Amino acid sequence: MITIYGNWDSGNCYKPRLLAAFLGIPFRHVEVETLAGETQTTEFLAKSPIGKVPLMELEDGRYLPESNAMLCYLGAGTRFVPSDPYENARMLSWMFFEQYSHEPNIAVRRSLLVYPQLAARATPERLAATLEGGIKALDVMEGRLAGADWLVGDAPTLADIALFAYTHRADEAGFDLSRTPGIVRWIDHVAALPGYRAVTWLPEAEPAGVS
């Protein structure tokens, strides 16, 4: 069984959990308190030198960091990955967009507003910049989803899972999703897929010290 080291409230950590739920892949969850410094311990850094979650431990003991890399690993050969090379590349382009343009604004702004430990970093300038960047990212998504059910083609792909994680909680970051009805409809479509689990769902969690 694979192990996913992560934080239940993190959108990046939610992505591989959600795909595993859709595909019926069993996994063990190990909760890691990032704000308490648990990703910077000698033990954790030996598994992942970048010191971040999520981190996936494969059944053979190898480790895989980065949430979207985990999606590609778990999703290989499944219905969530287009077989057509161009459609596959379009899926990847949305996943790159998620990490470069979407997550640094929407996810970061949410963290600044939700976690008291980060309040000192929530300067007016940073909140304004992430608001502007987040609106731009949502507008790009709306440009596609206003006239389509999914980000790529006519079926859900890894791109939808990658972008769903933080988009469906964008209101917690101060974004008004009522101005993007295509995104709202798309969120409902993802949540209606068989096997869907909310971000709060976890298999029985184990403390980070379990090896």
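1. Let's start inside this predicted model. The largest nonpolar core has 45 residues, and W94, M141, L151, I183 and W186 touch the most other members. Two or more residues of this core come from each of β1 (2–6), α1, α3 (67–75), α4, α5 (124–145), α6 (158–167) and α7 (181–191). The largest share belongs to α6, with 8 residues. As background, nonpolar side chains in soluble globular proteins tend to be buried together.

2. Pick out L151 and see who it meets. Leaving aside residues up to four places away in sequence, L151 touches R90, W94, R144, L145, A159, D160, L163 and W186. Two names there, W94 and W186, were also on the list of residues that touch the most other core members.

3. How many residues of α6 are buried? The count is 10 of the 10, so the helix is largely enclosed by the rest of the structure. If you want to click through them, they are L158, A159, D160, I161, A162, L163, F164, A165, Y166 and T167. The cover over these buried residues includes α1, α3, α4, α5 and α7.

4. Now for the open space. The largest pocket has a volume of about 990 Å³. It is lined by 32 residues, and those closest to its centre are N12, T34, V53, E103 and S111. The elements giving two or more residues to this lining are α1 (11–23) and α4 (85–114), and α4 supplies the largest share, 7 residues. Sorted by class, the lining holds 11 nonpolar, 12 polar and 9 charged residues.

5. V53 has one more thing to show you. A cis peptide bond joins V53 and P54, with omega at about 5°. P54 lies in the loop between α2 (42–47) and β3 (55–57).

6. Another backbone spot to check is E66. Its phi is positive, about 75°, although E66 is not a glycine. You'll find E66 in the loop between β4 (63–65) and α3, and its relative accessibility of 42% makes it partly exposed.

7. What about disulfides? A search of the whole structure finds 0 of them. For scale, a disulfide needs the sulfur atoms within 2.5 Å.

8. Last one: E31. Is E31 buried or exposed? With a relative accessibility of 13%, E31 counts as buried, because the cut-off for buried is under 20%. E31 sits in strand β2 (residues 27–31).

How values were computed. Residues numbered from 1 in each chain as written. Predicted model: local features only at pLDDT ≥ 70, side-chain atom pairs only at ≥ 80, totals over all residues. Heavy atoms only, no water. 1 Å grid on protein atoms, 1.4 Å probe; cavity = no way out; pocket = protein on both sides within 12 Å on 5 of 7 lines; lining within 4 Å. Points joined across faces, edges and corners; volume = space filled by probe spheres on them. Helix = DSSP H or I, 4+ residues; strand = E, 2+ residues; numbered from the N terminus. Nonpolar A, V, L, I, M, F, W, Y, C, P; charged D, E, K, R; others polar. Core = buried A, V, L, I, M, F, W, Y, C linked by side-chain atoms within 4.5 Å. Buried < 20%, exposed > 50% of the residue type's maximum accessible area, 1.4 Å probe, protein only. Contact = heavy atoms within 4.5 Å.
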